[in-house]
Amino acid sequence: MPRAFITGITGQDGRHLAEFLHGKGYEVFGMITGQNNPKATMLREELPFIEFVPGDLADLPSLVKALTVAQPDEVYNLGAISFVAMSFNQAELTANITGLGVLRMLEAIRMVGGNEDNAIRFYQASSSEMFGKVRETPQTELTPFHPRSPYGCAKVFGHDITVNYRESYGLYACSGILFNHEGPRRGLEFVTRKVTNAAARIKLGLQEHVVLGNIDSKRDWGFAGDYVKAMWLMLQQDQPADYVISTGVMHTIEDLIRLAFAEVGIEDWQSHVRQDQRFFRPAEVDLLIGDATKAKTQLGWEPEVTFADLVSMMVANDLEIEAKKAGLTIPS
Ligand code: GDR
């Protein structure tokens with residue numbers, strides 16, 4: 001039975017990936033950070049097959065211990081301070097966890113058994129945020145980075161150090177440069193879920209407005225369930241490499257709002273949307289769209305869920321959750 005070790009197990013991607021690997025017959029180990037982590041309790045109910053191992057990306061000895069216990073064939077480093085807006089307020093913490101955490105994990109792999117004879121394969125969750133103020137459109141694996149947030153800067157370090165350890169020590173290490181990927185498990189702080197949840201609550205009469213920041217920025221949004229397959233495929237190749245994972249289709253936040261409100265039968269979305277400086281960022285990434293040709297040709301990967309289906313899936317999920325919480329029935 002192959003063994004996988006996942007950091008960021010309580011996040012959206014960690015949960016999708018754990019489920020996917022379990023379906024493939026893996027023994028799945030998830031790193032749990034902190035004392036009495038409330039998300040671990042939730043996860044024990046949701047995905048009871050996961051074996052939890054304590055550890056923290058800020059603490060190298062704990063990573064060495066965790067890998068010694070799990071003895072994984074594959075390590076997926078999804079753990080990070082992942083909310084771009086928060087990284088402006090906690091820049092040093094972001095650099096430490098999202099950036100230096102990758103270096104610590106790579107060192108732990110070298111210590112526990114990442115050499116060529118006994119190679120632990122490593123996946124690093126890189127991000128389209130690294131492209132930031134984009135130098136070309138669409139973005140590929142060869143597009144230069146110009147990050148626009150402390151999060152983006154930390155991800156660039158994580159990406160570069162992964163490439164460096166691959167080239168220096170022969171580790172099987174891959175970076176997946178993933179564009180935005182969403183779904184019902186997305187946290188409410190991210191714009192897609194914030195909008196789909198608000199549309200559901202407004203439909204149910206539980207709230208009047210949603211307050212947003214910049215609704216002109218554009219994103220290439222895919223479904224998280226499709227994207228975790230690409231992570232796994234990267235670790236099954238003969239040679240390690242880096243891949244852009246994206247849909248190649250771009251939408252504005254306004255498109256997202258229009259679609260989500262249309263799902264609940266509200267056409268005049270404008271009367272339910274307010275904007276506030278609080279949700280604008282000091283520097284913005286305006287125009288992200290990825291070219292996933294390399295992943296399509298070399299990995300045989302294809303995104304399956306369209307943007308419209310994704311929004312529909314998320315609104316339906318939020319309607320169900322919010323109606324249940326409030327003891328309401330979903331109006332037709
Ligand atoms: P992003 O995702 O920063 O792209 O990073 P997010 O959903 O937070 O923002 C997307 C865009 O929406 C604009 N926006 C708002 N965003 C939030 N969160 N809340 C608002 O009220 C709001 N109003 C407008 C933002 O300005 C931005 O332009 C995500 C994360 O998952 C990262 O970890 C990951 O690396 C990248 O995607 C790829």
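Predicted model: local features only at pLDDT ≥ 70, side-chain atom pairs only at ≥ 80, totals over all residues.

User: Where is Asn-36 placed?
Analyst: Asn-36 is in the loop between strand S2 (27-32) and helix H2 (38-46). Helices (H or I, at least four residues) and strands (E, at least two) are DSSP runs, numbered from the N terminus.

User: What about the phi of Asn-36?
Analyst: Asn-36 has a positive phi of about 55 degrees, although it is not a glycine. Most residues other than glycine have a negative phi.

User: Which residues does the cis peptide bond join?
Analyst: Thr-137 and Pro-138, with omega about -5 degrees. Most peptide bonds are trans. Pro-138 is in the loop between strand S5 (121-127) and helix H6 (150-169).

User: On to the ligand. Which residues come nearest?
Analyst: Ser-82, Ser-127, Tyr-151, Arg-281 and Glu-284, of the 25 residues around the ligand. Being near takes a heavy atom within 4 Å.

User: Which backbone atom is 2.9 Å from a nitrogen atom of the ligand?
Analyst: A polar backbone atom of Glu-189.

User: Helices now. How do H7 and H9 pack?
Analyst: H7 (residues 191-203) and H9 (residues 253-263) pack at about 30 degrees, with their axes 9 Å apart. That makes H7 roughly parallel to H9. Angles under 35 degrees count as roughly parallel, over 145 as roughly antiparallel, 65 to 115 as roughly perpendicular and the rest as oblique. Axes are lines fitted to C-alpha atoms, for helices over the stretch in contact, and angles run from 0 to 180 degrees between N-to-C directions.

User: What is the contact made of, by class?
Analyst: Nine nonpolar, two polar and no charged residues. Ala, Val, Leu, Ile, Met, Phe, Trp, Tyr, Cys and Pro count as nonpolar, Asp, Glu, Lys and Arg as charged, and the others, Gly among them, as polar.

User: And how does H7 pack with H11?
Analyst: At about 50 degrees, with the axes of H7 and H11 (residues 307-326) 8 Å apart. That makes H7 oblique to H11. Contact means heavy atoms within 4.5 Å, and on the H7 side the residues include Arg-193, Arg-201 and Lys-203. Asp-318 and Glu-322 are among those of H11. The classes are six nonpolar, four polar and five charged.

User: Last one: at what angle do H1 and H8 cross?
Analyst: Roughly 65 degrees, and the axes of H1 (residues 12-23) and H8 (residues 224-234) come within 9 Å. Phe-20 of H1 and Trp-232 of H8 are among the contact residues.

Note on methods. Residues numbered from 1 in each chain as written. Heavy atoms only, no water. Polar contact = N/O pair within 3.5 Å; in protein donor to acceptor, adjacent residues only side chain to side chain.
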